[in-house]
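Let's take a friendly walk through a protein model. Have a look at the structure first, and then we can go through it part by part.

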Amino acid sequence: METVEMNSVSLKRPHSEDDVANADEIKRQKTSEKSKTGNDSGQSIETVTEHPDKSLLEDTKNEIIPNEESEEQEEEELEDSDEDGDPESFADMMKHGLTESDVGITKFVSCHKGFSGILKERYSDFVVHEIGKDGRVSHLDDFSVPVDDEDPSEETFTVLSDEDKQRLEELQLLKNKETSVAIEVIEDTKEKRTVIHQAVKSLFPGLETKTEDRDGKKYIIAYHAAGKKALANPRKHSWPKSRGNYCHFVLYKENKDTMDAINVLSKFLRVKPNIFSYMGTKDKRAITVQEIAVLRITAQRLAHLNKCLMNFKLGNFSYKNHPLKLGELQGNHFTVVLRNITGTDDQIEQAMHSLREIGFINYYGMQRFGTTAVPTYQIGRAILQNNWNEVMDLILKPRPGAEKGYLVKCREEWAKTKDPAAALRKLPVKRCVEGQLLRGLLKYGMKNIISAFGIIPRNNRLMYIHSYQSYVWNNMVSKRIEEYGLRAVAGDLTLKGATAVHIEEGDVENYTIHDVVMPLPGFDVIYPKHKIGEAYKEMLVADNLDINNMRHKIRDYSLSGAYRKIIIRPQNVNWEVVAYDDPRIPLFTTDLDKLEGKPLPVLPTDGKFRALKMEFSLPPSTYATMAIREVLKMDTSIKNQTQLNTTWLR
């Protein structure tokens, strides 16, 4: 085995009438790339499309703020309002973005000749199925609801008028001064009253009901059982003791990330997002299938959402006594289509055999580092240096490249005035990191940046220092492979259980490159006993950091470190080359297609284009795009792909 330096491969596509006809369709496709907040519980997905949208550059780690639905809706509309720009001008702006070499991604393990292909020309070309801790792959294949005599009738979901639901929601969320809502019973029968009672209690957790006579008419009165504490908390006495407290279900979603999906489900169910749990987050531009658990919401209520939600389907319901925990998964199974490939059959066979037998370098993918001219690892480095003025400046200062217009204006105002209030007025979307930091500066003042920065949600803050760790790891692994190749050597590290030990000279023959791990810098790790150990120290010294003192005076920012395998060999690797004419047709069937009885797509035997269909399984905290990078031998950065992919749209 030999290592190969990375070379950019030009992505070109034959011009044809169909290309022109489909250009508008492809231009409308949008891309969302997310910098992960410690997303080590599941693979991350990068996006390389024909025409990435400017929206991929905004910070997407926004929290839902309770009781601010109107502000959220307004901000969502603003976030989605920017139209796609001209692809060439966007590519020009992306000249300021990162490339793989900027973050230490420089090596390959295989020796085949690279070829080009288009990743995620359609979001449906990237399908992710979660693998649970028991090894079972999540599939949506059953819409049936567990039979339960205590479930309310189907009429529960239709008996209340839209006006009643609006009034009840305002009461539930304490949005007005009313202490109760009266619902007149038009058809006064005991059965009718029972259905209304059930509807209010099941659809609006936290509310109680009673029946009253008023002027000879029957009314159902809804009121708060225990004030604000009852808000969105399921009533204990209403849940059968024989039923598990958590409803587990499979969530099938298209073009939505996991947190967005949970926020949507929460709004429709009128509950708080924190009653949902999951094993790993899945990104937006894909079809993903994963298990979700929710506290004391019936399968019947969840199944009812299938009638009113777009791009979501819920199924495979069951009741259990436990929630789900981040990191409990074994990994994810990927089905990926690379369209318009240029490789010969021999090249493809060599590439896929190498992926199956050797694997790929376990680099942290590009989305770990952001997409703008200010990489997230630079902010992380400033935090570790305790340089808070630099942290503030890096987040708020003007930067070249593609950004939302209101962010550009906000940054310009900040550079001109250094006035948090003035800059905040330029920012209609205040849930972004910039808005949160500015609000913190308003609250605590310019001399207390640490507290101001602390207003940003913890996961977002930790994202920056994890990004720096990843940056160091990528660079050190590239140096390790350059220096010693793809074999275990004395001084390397391997894991014995959860403990890292050095490989001794006499034991080298007992290990392969697949046993070798490298540390992410921290106070609780050891380093290799060869040149790379010294390289770690040199890199941190150059960044004004002490590798022997990775504890920070603020506990959250103290890095304990971790170990990560340098080579990953995917499991269950399969592939097929197919021909196609129309770039808009799907090249395989999804879980939903199968449930709906859609037939397999009929493909020509000799089409205009060729596609590579790949399947493989990866463990947690590995990046599917790094596996695809090894196959194509292409730079997966948005900067590179944007500039290459816009050529055929000219």
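## The whole protein

What percentage of the 650 residues in the protein is buried? Buried residues make up 57% of them, where buried means under 20% relative accessible area, exposed means over 50%, and partly exposed lies in between (1.4 Å probe, protein chains only). Please keep in mind that this is a predicted model, in which local features need pLDDT of at least 70, side-chain atom pairs count only at pLDDT 80 or more, and totals for chains, interfaces and linings use all residues. Residues are numbered from 1 along each chain as its sequence is written, and side-chain values use heavy atoms, with hydrogens and water left out.

The protein has 19 helices and 20 strands. Helices (H or I, at least four residues) and strands (E, at least two) are DSSP runs, numbered from the N terminus. Contact means heavy atoms within 4.5 Å. Among contacts between residues at least 6 apart in sequence, 79% join residues at least 24 apart.

Strands of a sheet pair through backbone hydrogen bonds, either parallel or antiparallel. Two strands count as paired if DSSP finds at least two bridges between them. Angles between axes run from 0 to 180 degrees between N-to-C directions, and the axes are lines fitted to C-alpha atoms, for helices over the stretch in contact.

Let's look at one pair. Strand β7 (residues 217-224) runs antiparallel to β6, and 8 bridges join the two. Leu-207 stands opposite His-224 in β7, and Glu-212 has Tyr-219 in β7 as its bridge partner. The two strands β6 and β7 form a hairpin with 2 residues between them, and Asp-215 in the turn has a positive phi of about 55°.

## A sheet of four strands

Another open sheet is formed by 4 strands in the order β15-β14-β16-β17, and the pairing is antiparallel. Which strands stand at the edges? They are β15 (499-502) and β17 (562-565), each with a single partner strand, so one side of each is left without a neighbour in the sheet. Neighbouring strands of this sheet are turned by 55° against each other on average, direction ignored.

Strand β14 (residues 493-496) pairs with strand β16 (residues 516-520) in the antiparallel sense over 2 bridges. Thr-494 has Val-516 in β16 as its bridge partner. Helix α15 (residues 458-484) lies across β16 and β17, running at about 145° to β16.

## Helices that cross

Helix α15 also meets another helix. Its axis and that of helix α16 (residues 531-542) come within 10 Å and cross at roughly 145°. The crossing of α15 past α16 is right-handed; a crossing is left-handed if the near helix is turned anticlockwise from the far one by less than a right angle, and right-handed if clockwise. The residues that meet include Tyr-468 and Trp-473 in α15, and Ala-535 and Tyr-536 in α16. The contact divides into 11 nonpolar, 1 polar and 4 charged residues. Here Ala, Val, Leu, Ile, Met, Phe, Trp, Tyr, Cys and Pro count as nonpolar, Asp, Glu, Lys and Arg as charged, and the others, Gly among them, as polar.

Helix α10 (residues 388-396) and helix α13 (residues 433-444) pack at an angle of about 135°, with their axes 10 Å apart. The two are therefore oblique to each other: angles under 35 degrees count as roughly parallel, over 145 as roughly antiparallel, 65 to 115 as roughly perpendicular and the rest as oblique. Met-392, Ile-395 and Leu-396 in α10 meet residues of α13, including Leu-437 and Leu-441.

## A buried proline

Pro-420 lies in helix α12 (residues 420-425). Is Pro-420 buried or exposed? Its relative accessibility is 9%, so Pro-420 counts as buried. Not counting residues up to four places away in sequence, Pro-420 touches Trp-414, Leu-438, Leu-441, Leu-442 and Met-446. Pro-420 and Leu-441 are 21 residues apart in sequence and 6.3 Å apart in space, C-alpha to C-alpha.
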